[in-house]
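Subject: Structure for you to look at

Hello,

The structure is below, followed by notes on what was found in it.

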Amino acid sequence: MKTMKLLLPLALATAIAACSQPAEPAAAVDAATAAPAETAAVPEAEAFQVASGTYKLDPSHTDVLVQWNHMGYSNPSAHFGDADGTLVYDADDVGKSSVEVTLPLSGLNSFTAKFDEHLRSADFFDAAQFPTATFKSTRVEAAGTNKLTVTGDLTVKGITQPVTLDVTINGAGEHPMMKVPSVGFDATTTLKRSDFGVGAYAPAVSDEVKVRITTEASIPKAE
């Protein structure tokens, strides 16, 4: 009887202690035992099919934008319009492709007439003596899906230097309005203007210039 009196409080204490232990959250158990979630695969971009042929650049939809830093205060830009150029594309062997572009300095526009005059003066481009800038490719290479690397000779102010463009094909196919094979590109590069004799006021005005190009080109209809 005495033994029962001793065991009863002990059993009661054990039951209370067991009830007082916090239950393990179900979420924690699930997280510990669940298999790791699989990461969804990102689909690769579809490669544009550019038709082989000789394309003519569309000056209305071609822009060469340059940007620089002005004494640490601002990042102004200017653009070169009225581009004239030809792209030869070989779909079977991209390495046989080529591009030639001429940029008349009459199309230079900094959006400020007075500054345009200064840029065309002998301080910078000396447009009276060197009225155009030109680019002629020397090598075209595939650089991934819808990507190209185009290396060529850029001539500004009578000085020629090699330049490499990182090119993205934006789209290709039949032009919805003109009904001819067309293609669109964006391209970027960075160069030093002093390499081309246009380094006035460097380094207060940055010598390094960022260049961004966007263009469309189409195969002309046969006459």
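How many of the 10 residues of strand S8 (residues 147-156) are buried? Seven of them are, so the strand counts as mostly covered; buried means under 20% relative accessible area with a 1.4 Å probe, protein chains only.

This is a predicted model, in which local features need pLDDT of at least 70 and side-chain atom pairs count only at pLDDT 80 or more, while totals for chains, interfaces and linings use all residues. Residues are numbered from 1 along each chain as its sequence is written, and side-chain values use heavy atoms, with hydrogens and water left out.

The protein chain has three helices and 11 strands, in the order α-α-β-β-β-β-β-β-α-β-β-β-β-β. These are DSSP runs numbered from the N terminus, helices being H or I of at least four residues and strands E of at least two. Of the 223 residues in the protein chain, 32% are buried.

S8 has two antiparallel partners to report (strands pair if DSSP finds at least two bridges between them):

- Strand S7 (residues 132-142) pairs with S8 over eight bridges, in the antiparallel sense. Ala-142 has Leu-148 of S8 as its bridge partner. Four residues lie between the strands of this hairpin, where Gly-144 takes a positive phi near 120 degrees.
- Strand S9 (residues 159-174) pairs with S8 over 10 bridges, also antiparallel. Val-167 in S9 stands opposite Leu-148. Two residues lie between the strands of this hairpin, where Lys-157 takes a positive phi near 60 degrees.

Regards

Definitions and conventions
Buried < 20%, exposed > 50% of the residue type's maximum accessible area, 1.4 Å probe, protein only.
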